Amino acid sequence: MVRRVVSRDGTRIAVAEAGDPAAPTVVCVHGYPDDRSVWDGVAARLADRFHVVTYDVRGAGESDRPARRDGYALDRLAEDLAAVLDEVSPNRPAHLVAHDWGSIQSWHAVTGDLLRGRIASFTSISGPSLDHAGHWFRTRLRRPSGWGPALRQLVHSTYIVFFQIPLVPELGWRSGVGRRVLRRLSGSAAGSPAVADAVHGLELYRANIGARLSRPRPRPAEVPVQVLAPLDDPYVTPALQTDVARWAPRLWVRRLPGGHWIPRERPDVIARCTAELVDFAEGAPESRGLRRARAAGMVDSAVGTTGRRARAAAPVDFTPERRARTAETELVDSVERASESVALRRARTVEAGLVGAVEGAPERRGLRRARAVGAGPVDSVEGAPESRGRRRARAVGAGPVDSVEGAPESRRRRRARAVGAGPVDSVEGAPESRRRRQARAARFDGYLVVVTGESRFARAAAAAFARAGAEVRGDGPDVPDVVVDSRGTAREFAARMADRGEGGQLVLHDPAEAARLRREFPGLNVIVAGDGSPERAARRVLRAVARNRHAGV
């Protein structure tokens, strides 16, 4: 049954409901040029557990069509959402899931004051905040490393310029050309939008794009935010959608194989991802999929152009206590694994040299060098010439003292300071060093990695992923995120990953089999392990998986 809700300016909004009204409310907001029917598949899957609400935004479907352009401003759209929430969930915060322009207007709503305290969670699909997009473009265009992503998004957004032309887009929709172009770009998943919806919806672009992108405002979101970014979206790149950690401190990011109309293509995937966030916001434990998505959101902020929040979440610790803990850990590990770290071997070698010298054995070169450095200051005090090692050590230490006193800082001190500055500066807010970003990008917290076989490479890969934070298994009923196959079972895992619909990565040794799997499962990344020592091959695989995981950034 459809009922009408009246917005603040008198516009009537058509609203449909399904499921138990006593259950948590999930409100689905559609985009352009759709109506609420784009959510039919998702709503049918969510209605078993939730109170699902869909509505036609103003200018579409059975809702009223404002006569003036300012009737399509984002503030008016937020008032429509407020009116719907007052009607369907007046006493309890609701959960939003939105697509395309529905997501754009929902971002505006959840980052404003009108609905503060009324939204429990927000799942965004293929629609960034216009203010965030304005800041994103400005930040990317400031330095050459960001020009590529910005230019790619501009190419994807050329249709927006066309929509600003008077009368021509309307003629394109009425003549049927617009529908043919839409099908060519997005296939049958785009559906068959009504001409009236497509024509009136053009005012969304004309009333909002220019003002928001040219004068973006800081709009942080206080609610949990999940971004579902289709990797094959011809209109919105994953980079623009996912680089929002600056504005959303509680962020989950999932990159999904699929196109712009993924709510129609894979309603099961969208329903499952939405339900996981709703359950978590209602008090359930965080699912493994959400843990993985949360880790991806933190990494995006580390490898993107912003992301101080993610860096601050893992502050750098160079205190003496941390160094003592590291040394103790290395000693315990050497006892447990019968293998020493480089630092322990070096310390043991120095000690052995000292003991040998005391017992009468010839003094080792390392011990002579250490004694020479230490003898310098004593000899120089007694009147002997200062040793070269002492002069070098004093030159390094003199830099900061001299620079504080007004003398120029030594070159050696500048180099030492530059090496140590990266992590310290990043904590203080300066750009994070490249090495630090790479280390953070290689984390796999929340990921399930299945390693098959007992080869040396399999053991090295399992150890490498475990050190990176992943949960490593030999097999199991759960669908893994990464499979390192040394047993010829990659196809079975590929089928399970493809059925889940959230992508995945396969690592195997046979190039011919890898090519076949790439053709059969285009939504998965297939990596050939390559030759070399098992440890080196495992490190290459880890880096390749990390790169492929963020291919949309």
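Author: Let's start at the end of helix H7: the residue that follows is Gly176, and its phi is positive, near 95°. Helices here are DSSP runs of H or I with at least four residues, strands are runs of E with at least two, and both are numbered from the N terminus. A quick word on the source: this is a predicted model, where local features need pLDDT of at least 70 and side-chain atom pairs count only at pLDDT 80 or more, while totals for chains, interfaces and linings use all residues. Residues are numbered from 1 along each chain as its sequence is written, and side-chain values use heavy atoms, leaving out hydrogens and water.

Now back along H7, which spans residues 168-175. Its buried residues are Pro169, Glu170, Gly172 and Trp173; buried means under 20% relative accessible area, exposed over 50%, and partly exposed in between, using a 1.4 Å probe and protein chains only. Those four sit on the same side of H7 because they cover an arc of only 160° around the axis, taken from the directions from the helix axis to the C-beta atoms. What about the face turned away from that buried side? There you'll find the exposed residues Leu171 and Arg174.

H9 covers residues 195-214.
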